[in-house]
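Open the model in your viewer and keep the selection panel at hand. The stops below go from the whole chain to single residues and then to the ligand.

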Amino acid sequence: MIIAVDGPAASGKGTLAAGLARHYGLPHLDTGLLYRAVGLAVADKADDPGFESAAIAAAQALDAGHLDDLAALTAAETGVLASKVAVIAEVRAALFDFQRNFATGPDGAVLDGRDIGTRICPDADVKLFIQADSKARMERRARQLEARGVAVDRYALFHQIEERDARDMLNPHGGFYQAEDAHLLDTTHFGIEAALRAAIAIVEKAM
Ligand code: C5P
């Protein structure tokens, strides 16, 4: 069984995908981490003319070992860098096989990202599109960071999320839209447990 979970930044898709993977005993891939790892690899070249070619080379050289430094990968600034490398078609192409191979493993998988239901796994058995309003998303991300001891400037974080949403929505190579056959789940007024129950109910009904 392949479950595709898409949605904007901090919508809760990662937590829900991890919860679904646990519930069904499936491996889980947070595909945002791949873009984040590429962004991090070229962080010091952000303003260079060679940014694009460096990002393509980093994407082509990416392996699972680059996904270990979770603290650096999940930093808010890394998310902005990720959205900058994600607009490069060759970067997306270089990351395609990694994601596709993960999805087509023997047990199936849960993948979360932006284009799983539209581009990576258009054949997924169940597709979920997770939404939540941007203030709720900012507040959740702020609490996640604070729980890790990171000091948070909520105003700056809100703008980082909006900047990322705008770039993601305009990404011509992205496929960042709700697949026609995806089930919409708005988590604005849900806690984690209630959202996971709702997601499981959608999966059960779809199977
Ligand atoms: O999901 P997360 O917020 O960690 O993703 C970071 C960035 O990586 C997104 O803002 C988006 O630009 C990019 N991304 C993507 N395609 C995916 C997952 C993430 O372009 N499947």
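UniProt positions are given in the numbering used here, feature names are shortened, and annotations may be inferred rather than shown by experiment. The model is predicted: local features need pLDDT of at least 70, side-chain atom pairs count only at pLDDT 80 or more, and totals for chains, interfaces and linings use all residues. Residues are numbered from 1 along each chain as its sequence is written.

**Stop 1: the annotated span.** Select residues 3-203, which an unreviewed UniProt entry annotates as "domain: Cytidylate kinase". The span is 54% helix and 11% strand, and its end C-alpha atoms lie 8 Å apart. Helices (H or I, at least four residues) and strands (E, at least two) are DSSP runs, numbered from the N terminus.

Stop 2: The open sheet has 5 strands in the order 2-3-1-4-5, with parallel pairing; two strands pair if DSSP finds at least two bridges between them. At the edges, strand 2 (28-30) and strand 5 (183-186) each pair on one side only. From one strand to the next, the twist averages 20°. Now select strand 4 (residues 126-131), which pairs with strand 5 in the parallel sense over 4 bridges. Opposite glutamine 131 is aspartate 186 in strand 5.

**Stop 3: helices on the sheet.** Helix 6 (residues 89-103) lies across strand 1, strand 2 and strand 3 (109-113), at about 145° to strand 3. Helix 10 (residues 192-206) touches strand 1, strand 4 and strand 5, and its direction makes about 165° with that of strand 5. Axes are lines fitted to C-alpha atoms, for helices over the stretch in contact, and angles run from 0 to 180 degrees between N-to-C directions. Contact means C-beta atoms, placed from the backbone, within 7 Å.

Stop 4: UniProt (unreviewed entry) lists residues for "binding site", among them Ser11 and Lys13. Serine 11 is in the loop between strand 1 (2-6) and helix 1 (13-24). Is serine 11 buried or exposed? Serine 11 is buried because 27 other C-beta atoms lie within 10 Å; the cut-offs are 20 or more for buried, 12 or fewer for exposed, and partly exposed in between, with C-beta atoms placed from the backbone. Beyond four places in sequence, its contacts are Ile130, Gln131, Ala132, Arg137 and Thr187. Lysine 13, in helix 1, is also buried, with 28 C-beta neighbours inside 10 Å.

**Stop 5: the ligand.** Of the 15 residues around the ligand, Gly32, Tyr35, Ser83, Ala86 and Gly113 come nearest (near: C-beta atom, placed from the backbone, within 6 Å). Helix 2 (32-41), helix 5 (76-85) and helix 9 (154-170) each give two or more residues to this shell.

Technical notes:
Contact = placed C-beta atoms within 7 Å.
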